[in-house]
Amino acid sequence: MRPRYVQRTITSILAVLLILTVPGVGAAVSLAGSKGDVRFYPYLPPSPDRPCTKAYKAYVAASGHSAYATTPYSRVRSLYIICGSRLNAPSQKAAEDLAMKSCKATRSYYKVTTGGGCEIAASK
């Protein structure tokens, strides 16, 4: 018969090993602060109160699946950029689809014909 403290110690060690070896434990990492999959770095106006700058900062700060779409300013020199974003969507694909929809809706609202189409700049 083992002393009681040895049996408790062995039980604790086995419990810790079980927790560490179970797949998926600790796999859910927050996406907050991550830029995710960057396809191209979007141009952001230097003023922090501009809508696209705010949208991109909110995208980076979002903890769930999110996407940021914009017109590719760096490739076509325009006087404006148009953007759209979707934060905390159920999946990365859904976030990308909704961000593109938002960007295209903004583009059609302002009746923009130059400057290139909307593209996903980053998603996570």
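Ala 69 stands opposite Ile 120 in S4. This is a predicted model, in which local features need pLDDT of at least 70 and side-chain atom pairs count only at pLDDT 80 or more, while totals for chains, interfaces and linings use all residues. Residues are numbered from 1 along each chain as its sequence is written, and side-chain values use heavy atoms, with hydrogens and water left out.

S2 and S4 run antiparallel and pair over 4 bridges. S1 is also antiparallel to S4, and 2 bridges join them. Two strands pair if DSSP finds at least two bridges between them. Strands here are DSSP runs of E with at least two residues, helices are runs of H or I with at least four, and both are numbered from the N terminus.

S4 is largely enclosed by the rest of the structure, because 4 of its 5 residues are buried. Buried means under 20% relative accessible area, exposed means over 50%, and partly exposed lies in between (1.4 Å probe, protein chains only).

## Helix H2: one buried face

H2 spans residues 51-61. Its buried residues are Cys 52, Thr 53, Ala 55, Tyr 56, Tyr 59 and Val 60. Seen down the helix axis, they fall within an arc of 160°, so they line one face of H2. The arc is that of the directions from the helix axis to the C-beta atoms.

The face turned away from the buried side carries Pro 51 and Ala 61, both exposed.

## A cluster of tyrosines

The whole structure holds 3 aromatic pairs. One of them joins Tyr 56 and Tyr 59, a tilted pair with 5.8 Å centre to centre and 40° between the planes. Rings of Phe, Tyr and Trp (its six-membered ring) pair if their centres lie within 6.5 Å; planes under 30 degrees apart count as stacked, over 60 as edge-to-face and the rest as tilted. Tyr 56 and Tyr 59 are 3 residues apart in helix H2, which means about one helical turn separates them.

Tyr 56 is buried, at 7% relative accessible area. Tyr 56 also pairs edge-to-face with Tyr 68, at 5.2 Å centre to centre and 80° between the planes. Tyr 56 lies in H2 and Tyr 68 in strand S2, so this pair ties together parts 12 residues apart in sequence. Tyr 68 is buried, with a relative accessible area of 0%. Tyr 59 is buried too, at 0%. Ring pairs link Tyr 56, Tyr 59 and Tyr 68 into a cluster.

Lys 124 lies over the face of Tyr 59, 5.1 Å from the ring centre. A charge sits over a ring if NZ of Lys or CZ of Arg is within 6 Å of the ring centre and within 35 degrees of the ring normal.

Lys 124 also touches Ala 32. Other contacts of Ala 32 include Val 60, Ala 61, Ala 62 and Ser 63, leaving aside residues up to four places away in sequence. Where is Ala 32 found? Ala 32 sits in the loop between helix H1 (4-21) and strand S1 (37-38). Ala 32 is partly exposed, with a relative accessible area of 42%. The C-alpha atoms of Ala 32 and His 65 are separated by 9.6 Å, though the two are 33 residues apart along the chain.

Definitions and conventions
Contact = heavy atoms within 4.5 Å.
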